[in-house]
Amino acid sequence: MTAKTLFSRLFIFFVGLPIVLTIVFLNYHTHLPLHLLIILFCFWGSREAFAMFSKKTSLLPKSFIVFSSILIPISAALYKVLPSFINITFPFGTEIITYVFIFTVLIALFIEVVSAQTFENSIARVTSSVFIILYAGYMLTFVSRMTDFSKNGLDASTPLIAVFLMMVFFCDSFAWFFGVLFGKNNKGFIKSSPNKSLAGFSGGFVGSIFAGLLALYIWPDIFVGSPVKIIVIGILMAFSSIVGDLIESVFKRSADVKDSGKVIPGRGGALDSVDSIIMSVPIFYILISIFYGPFGAL
């Protein structure tokens with residue numbers, strides 16, 4: 001392990017996580033700072049995904065893919081934030097976010113229909129382009145959907161989002177720590193990321209469950225009922241976070257790049273930083289809605 005790797009890991013845990021949690025706790029106009037951060041990551045993430053995918057297949061115009069990827073979180077932000085600025089009641093719910101995504105898919109199909117001169121690559125071009133919009137744009141809006149959650153008249157959005165991020169960060173950090181200590185002789189069974197170890201994966205599950213139990217202690221009014229519920233969420237968060245990290249490794253190996261980008265010093269690209277979040281946040285949203293919902297809007 002190099003000093004650079006150690007510094008990067010310690011920086012993420014002791015500096016990166018507190019900064020992100022501070023943004024989460026700034027519940028200003030329904031988490032406006034967090035919405036802006038999500039839009040920013042969708043912007044850079046879609047650019048990085050385009051750069052990777054375009055190495056292997058032709059894609060629809062970059063401007064369309066990037067614009068579509070940020071249009072979805074922008075629609076989510078407007079739906080959540082505008083009522084805190086002006087007296088407005090929308091005649092629809094959060095399904096508008098999915099409607100915007102479907103609209104971008106229809107536009108993608110239309111662009112291919114009117115612009116394609118040859119059609120041998122149409123399937124790959126359309127499906128890859130739509131996947132980028134889904135992966136780098138739509139998935140993170142499940143964080144946006146939680147930004148006005150309340151329970152019994154109290155803010156539930158801040159605890160829920162904070163716990164989700166803690167589960168993901170703790171999974172990553174504990175996985176690295178356990179891997180360094182105990183993973184020397186049990187690496188290499190995942191070809192997409194040969195440095196990952198069984199011990200590291202086990203540590204990820206421990207970290208995510210620990211974050212959940214910590215949440216149970218800090219916010220007992222939100223996470224009510226049996227501790228088994230938060231343990232189940234922790235297990236599934238670890239699993240989905242690990243899959244998110246591994247699938248990003250698959251994409252990078254397929255594109256023959258080391259990092260998705262160079263936006264974040266010592267970390268790589270935007271997608272390198274949120275790959276676990278992208279894959280796990282829809283799972284978290286579904287599970288907390290089942291186990292601890294229903295949630296109202298502030």
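Is Lys196 buried, partly exposed or exposed? At 29% relative accessibility, Lys196 counts as partly exposed, because that value falls between the limits of 20% for buried and 50% for exposed. Good morning, colleagues. Please bear in mind throughout that what you see is a predicted model.

I shall stay with Lys196 for a moment. Its partner in a salt bridge is Asp245, and the closest N and O atoms of the two are 3.2 Å apart. This pair links distant parts of the chain: Asp245 belongs to helix α9, while Lys196 sits in the loop between α7 and α8, 49 residues apart.

The count of salt bridges in the model comes to 4, and I shall present two others. One joins the side chains of Lys252 and Asp272, at 2.9 Å from N to O. Here too distant parts of the chain are linked, with Lys252 in helix α9 and Asp272 in helix α10, 20 residues apart. Both Lys252 and Asp272 are buried.

The other is formed by Arg125 and Glu112, whose side chains meet at 2.7 Å, N to O. Arg125 lies in helix α5, which covers residues 122-138, and Glu112 in helix α4, which covers residues 95-115; the two are 13 residues apart. Arg125 has a relative accessible area of 13% and is therefore buried. Glu112 is likewise buried, with a relative accessible area of 8%.

Val228, Val232, Ile235, Leu236 and Ile283 make a nonpolar surface patch of about 350 Å². Helix α9 supplies the largest share of that patch, namely 4 residues.

My last topic is helix α3. How far apart are the end C-alpha atoms of α3, and what span should its 24 residues have? The end C-alpha atoms are 33 Å apart, whereas 24 residues at 1.5 Å a residue should span 34 Å, so the two values agree. The helix does bend, by about 30° at Tyr79, and a proline, Pro83, follows within four residues.

Within α3, which runs over residues 62-85, we also find Ser68. Ser68 counts as buried because its relative accessibility is 2%. Leaving aside residues up to four places away in sequence, Ser68 touches Thr104 and Ile133.

Thank you for your attention.

Conventions:
Residues are numbered from 1 along each chain as its sequence is written. This is a predicted model: local features need pLDDT of at least 70, side-chain atom pairs count only at pLDDT 80 or more; totals for chains, interfaces and linings use all residues. Side-chain values use heavy atoms; hydrogens and water are left out. Buried means under 20% relative accessible area, exposed over 50%, partly exposed in between (1.4 Å probe, protein chains only). Contact means heavy atoms within 4.5 Å. Patches are made of residues with over 30% relative accessible area and no salt bridge: like charges are joined within 9 Å, nonpolar side chains (Val, Leu, Ile, Met, Phe, Trp, Tyr) within 5 Å. Accessible areas come from the Shrake-Rupley method with a 1.4 Å probe; for residues, only the protein chains shown count as cover. The expected span of a helix is 1.5 Å times one less than its number of residues. The bend at a residue is the angle between axes fitted to the seven residues ending there and the seven starting there.
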